[in-house]
Amino acid sequence: MVFVCLLSALTTGCSSGSGGDDSPSALMDAVGHISTAGTKGAQVSYLDAARVRSLEKGDSRRFRAVGQAGRPLMTGYRFNAHAYGLDPAMIDTDVTNGYAGHWQGSFDADRVTAKLEAGGFARRAWHGETVWAKDGITLQVSKGEISFGYAGKDLSAVRPAKGESVADDPDYRALGDCLGDVYRVDFDGKDPKDPVRLSATGQLAKSAKQTSGVICALTDGKRTAERAADRLKSVIRQRAPRFDGAKVTVLTGDSPGVKVTVPDRPGDKRAGRLLISDIDLQLALSRL
């Protein structure tokens with residue numbers, strides 16, 4: 001098992017309440033595979049890998065840092081798809097929770113399980129399902145889905161009971177409404193006692209060349225949200241022209257908070273700078 005250390009997110013003003021549409025977004029549908037019990041002390045990362053592949057047809061280099069499945073940038077590790085006979089192009093949607101994750105796509109299940117067996121994985125029963133286990137790693141494989149767990153996180157972290165997924169958490173749903181049509185999101189760990197109880201960095205793209213980052217954060221009240229907005233605006237002014245074009249919005253509704261969108265600069269060779277290099281805005285929020 002190979003893990004690689006990594007560095008470790010465009011709309012107008014919005015309310016952080018429900019968007020009024022009963023159908024789940026692609027983001028909420030994906031994080032519905034993550035158990036809220038398993039998120040304590042861990043980050044949740046989502047990637048629409050199929051959409052990234054479509055964007056890469058316009059410019060493949062721009063999405064290398066934030067567009068690879070199995071790479072939750074904020075956790076510092078990645079799950080090695082190649083080790084299990086998987087071409088990342090097979091993965092359409094990727095959601096990870098620290099050391100556990102769930103992929104949706106189109107997989108050669110027989111080939112993958114044969115490689116697991118040849119690699120010393122043992123077939124076991126888990127809640128009436130067949131799983132493969134070795135050295136603390138557990139996988140469940142089918143033609144359309146693969147779930148995995150590692151380092152003490154079994155598949156229960158990505159196979160939540162009804163009503164106990166991240167998508168059922170009002171805070172995550174509020175952030176989902178705030179983030180908009182993202183192709184990637186990295187949620188920070190939730191801490192209800194913190195002034196910023198939950199935040200996320202998302203990636204937006206109108207095209208391969210026209211990309212931006214968005215940070216949404218839920219606070220412990222309206223005053224904290226206003227203070228967060230003032231601090232973000234101060235950083236944007238002080239670091240000019242690095243964050244030129246950024247827009248800060250105070251979120252209203254049942255979940256107060258703040259949102260900032262930042263267009264990527266024309267000369268940027270990579271999308272995702274709010275995660276990779278320009279982290280001043282996240283730092284400003286962490287110091288409230």
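The link of cysteine 178 and cysteine 216 is left-handed, with -80° about the S-S bond. It is the one disulfide that the structure holds, a disulfide being a pair of cysteine sulfur atoms within 2.5 Å, and here the S to S distance is 2.0 Å. Please note that this is a predicted model, in which local features need pLDDT of at least 70 and side-chain atom pairs count only at pLDDT 80 or more, while totals for chains, interfaces and linings use all residues. Residues are numbered from 1 along each chain as its sequence is written, and side-chain values use heavy atoms, with hydrogens and water left out.

Helices (H or I, at least four residues) and strands (E, at least two) are DSSP runs, numbered from the N terminus. Both cysteine 178 and cysteine 216 are buried, meaning under 20% relative accessible area, with exposed over 50% and partly exposed in between (1.4 Å probe, protein chains only).

I turn now to the largest nonpolar core. Such a core is a set of buried Ala, Val, Leu, Ile, Met, Phe, Trp, Tyr and Cys residues joined through side-chain atoms within 4.5 Å. Of its 31 residues, Leu27, Val31, Leu179, Val185 and Phe187 touch the most other members. Helix H4 gives the most to this core, with five residues. Domain 1 (25–164) and domain 2 (169–287) both contribute, so the core lies between them; these bounds come from an automatic or database domain assignment.
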